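Good morning. I will go through one structure today, starting with a pair of strands and ending with the salt bridges.

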Amino acid sequence: MNQKEKILSDTKKKKMCSLERRGLIFILTLTGEGEHRLNPPLLDAILSCLHQVSTSQGGAALITTSHGKFFSNGFDLKWVEAAGPENIPSRFHTVGEKLKQITLALMNLPMPTIAAVCGHAAAAGFLFALSHDYIFMRKDRGFLYMSELDIGLVLPNFFMSVLRAKIPKPGVLREVVLEARKITGREAEEKGIIARGLSDSGETMASAVRFMEELSAKGWDGRVYAGIRRAAFPEIVEAASSSMEGKGPIGSRL
């Protein structure tokens with residue numbers, strides 16, 4: 001595979017996401033200028049890219065990023081509502097299960113992972129970012145936001161398992177889930193939610209690439225890395241491996 005070879009797939013053709021390899025680093029990009037709402041086609045496309053990464057030879061790191069103002073604005077609620085009120089619970093169940101598959105794939109991936117967040121990451125989009133080993137985020141714009149309290153939805157147990165594991169400080173977790181705070185990159189770095197806050201989107205990606213080049217050079221055994229990750233966050237693995245409770249989030253507005 002060439003240094004900057006594009007991995008051709010249906011996801012690239014549909015412009016939902018692309019997968020590129022630069023040396024030992026894979027870069028998964030949510031493409032286009034939209035909100036990157038997580039619906040079945042996009043979730044399946046991401047999962048397909050992660051499968052390609054996990055089965056490719058010689059890769060040693062993954063960076064996930066996006067085009068436009070949004071990393072991801074969460075589940076596609078228009079898709080959830082489109083089939084009528086009676087189908088809302090089952091549609092929430094569908095996208096929830098697919099997100100769990102992505103989280104589990106990231107937990108099992110035999111290499112370090114970074115979410116390079118260059119725009120807003122809200123609700124399920126925030127959770128997707130947290131499912132990576134590191135979050136690097138621009139500080140000049142964008143925020144992290146668990147919007148469920150504001151839109152009248154109860155967070156599923158799976159979401160809370162990831163949030164508790166990745167945001168271990170009770171005070172910070174309270175701000176995220178019980179105050180629905182919109183947290184900037186600068187604040188997220190101060191609170192320990194993200195690993196690094198960078199000046200802008202260009203520096204966010206450049207820093208993520210430099211960091212992953214450093215880790216890739218260590219020549220770690222990917223199976224060992226994945227095993228240690230799973231042992232470090234057993235509650236995420238357990239929650240992502242179990243079936244979604246009920247048929248989706250509980251809410252009064254949907």
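Two strands count as paired if DSSP finds at least two bridges between them. Keep that in mind for the first part, and note that what you see is a predicted model.

Strand β1 covers residues 17–22, and strand β2 covers residues 25–30. The two run antiparallel and are joined by six bridges. One of the bridge pairs is Arg 21 with Phe 26 of β2. Between the strands of this hairpin there are two residues, and Gly 23 has a positive phi near 65°. How enclosed is β1? Five of its six residues are buried, so the strand is largely enclosed by the rest of the structure.

Next, a pair of helices. Two packed helices are described by the angle between their axes and the distance between the axes. For helix α4, residues 88–108, and helix α11, residues 222–232, the angle is about 125° and the axes are 8 Å apart. On the α4 side, the contact is made by Leu 106, Met 107 and Asn 108; on the α11 side, by Ala 226, Arg 229 and Arg 230. Three of these contact residues are nonpolar, one is polar and two are charged.

Now helix α8, residues 170–177. Which of its residues are buried? They are Val 172, Leu 173, Glu 175, Val 176 and Val 177. These buried residues pack against helices α5, α6, α7 and α9, and against strand β9.

Side chains of opposite charge can pair when their charged atoms come close. The whole structure has eleven salt bridges. In one of them, Glu 175 meets Arg 181, at 2.6 Å from N to O. Glu 175 has 15% relative accessibility, and because the limit for buried is under 20%, it counts as buried. Arg 181, at 27%, counts as partly exposed.

Glu 203 and Arg 210 form another salt bridge, with their closest N and O atoms 2.6 Å apart. Both are partly exposed, Glu 203 at 27% and Arg 210 at 40%.

A further salt bridge joins Arg 223 and Asp 221, at 3.5 Å from N to O. Arg 223 is exposed, at 67% relative accessible area, while Asp 221 is partly exposed at 35%. Finally, Glu 175, Arg 181, Glu 187 and Lys 191 belong to one network, joined by salt bridges that share partners.

Terms used: Residues numbered from 1 in each chain as written. Predicted model: local features only at pLDDT ≥ 70, side-chain atom pairs only at ≥ 80, totals over all residues. Heavy atoms only, no water. Axes fitted to C-alpha atoms, helices over the stretch in contact; angles between N-to-C directions. Helix = DSSP H or I, 4+ residues; strand = E, 2+ residues; numbered from the N terminus. Contact = heavy atoms within 4.5 Å. Nonpolar A, V, L, I, M, F, W, Y, C, P; charged D, E, K, R; others polar. Buried < 20%, exposed > 50% of the residue type's maximum accessible area, 1.4 Å probe, protein only. Salt bridge = Lys/Arg side-chain N within 4 Å of Asp/Glu carboxyl O.
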